[in-house]
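Let's learn to read a protein model together, one feature at a time. Have a look at it first.

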Amino acid sequence: MLKDYIIRLETPADYEETENLVRESFWNVYRPGCLEPYVLHCLRSDPDFVKELDFVMVKDGRIIGQNIFMRASIQADDGRTIPIMTMGPICIAPELKRQGYGKALLDYSLEKAAALGGGALCFEGNIAFYGKSGFDYASKFGIRYHGLPEGADASFFLCRELTPGYLGGVTGEYATPRGYFVDEAEAEAFDRRFPPKEKRKLPGQIF
């Protein structure tokens, strides 16, 4: 793929365009409509938000991709709290998916997170895509997903060490940072800032 893009830090002037991109990318994917633009809007003011890792991808003067990172932790079985990171929402403009832009953005942002001392990253995603960038099932690291019953399918729960050996000797539980959980009525009100779109119940949605 030709490098016909730049990746840079997001600025406040980008917020509306970025949120609209996230809305277009996630609309009707996991639920009728989506919550992700409001989640992003809220996370930017969360104390665990990593502003040094708030990236947008720009092509031909237009934002076509974005990714953010949050500080998180693993509650280790030996009583320690292990600082890690999580990320997302991450997205690419729908018409540019499966062209290599997503992997380019992901690999760049993971490299920057490692340089910042991220240690490790836990994330909910599809191994078919994220495995190409070094992620594996979190269970292989001895990390459990908070609230998931023993024996339940945890194939969505992925992990990658950003510093080799960072999770050596660690077993424990990860919980999604509270900032990701938003009030759906507030998200609905936030969505009215954008042009109307039809909410549809589609096969494969999980909510």
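**Reading the model, step by step**

A: Let's start with two helices: the axes of helix H2 (residues 36-43) and helix H5 (residues 184-191) come within 9 Å and cross at roughly 100 degrees. This is a predicted model, where local features need pLDDT of at least 70, side-chain atom pairs count only at pLDDT 80 or more, and totals for chains, interfaces and linings use all residues. Residues are numbered from 1 along each chain as its sequence is written, and side-chain values use heavy atoms, with hydrogens and water left out.

Q: How do I read a pair of helices like that?

A: Two packed helices are described by the angle between their axes and the distance between the axes. Axes are lines fitted to C-alpha atoms, for helices over the stretch in contact, and angles run from 0 to 180 degrees between N-to-C directions. Angles under 35 degrees count as roughly parallel, over 145 as roughly antiparallel, 65 to 115 as roughly perpendicular and the rest as oblique. H2 and H5 are therefore roughly perpendicular to each other.

Q: Which residues make the contact of H2 and H5?

A: Contact means heavy atoms within 4.5 Å. H2 brings Pro-37, Tyr-38 and His-41, while H5 brings Glu-186, Ala-187 and Phe-190. These residues divide into four nonpolar, one polar and one charged. For sorting, Ala, Val, Leu, Ile, Met, Phe, Trp, Tyr, Cys and Pro count as nonpolar, Asp, Glu, Lys and Arg as charged, and the others, Gly among them, as polar.

Q: Is Ile-90 buried or exposed?

A: Buried means under 20% relative accessible area, exposed over 50%, partly exposed in between (1.4 Å probe, protein chains only). Ile-90 sits in strand E4 (residues 81-92) and counts as buried, at 14% relative accessibility. Leaving out residues up to four places away in sequence, Ile-90 touches Phe-26, Gln-66, Asn-67, Leu-105, Leu-106, Phe-123 and Tyr-130. Leu-105 and Leu-106 are among the buried residues of H3.

Q: What joins Gly-88 and Pro-89?

A: A cis peptide bond, with omega about 10 degrees. Pro-89 is in strand E4 too.

Q: Which residues other than glycine have a positive phi?

A: One of them is Asp-60, with phi near 55 degrees. Asp-60 lies in the loop between strand E2 (55-59) and strand E3 (62-76), and counts as exposed at 73% relative accessibility. Arg-98 has a positive phi as well, about 65 degrees. Look for Arg-98 in the loop between E4 and H3, where it is exposed, with a relative accessible area of 84%.

Q: How many disulfides are there?

A: A disulfide is a pair of cysteine sulfur atoms within 2.5 Å. By this rule the count is zero. For Cys-42, the nearest cysteine sulfur, that of Cys-34, is 13 Å away. For Cys-122, the nearest is that of Cys-159, 3.9 Å away. Cys-122 counts as buried, at 0% relative accessibility.

Methods
Helix = DSSP H or I, 4+ residues; strand = E, 2+ residues; numbered from the N terminus.
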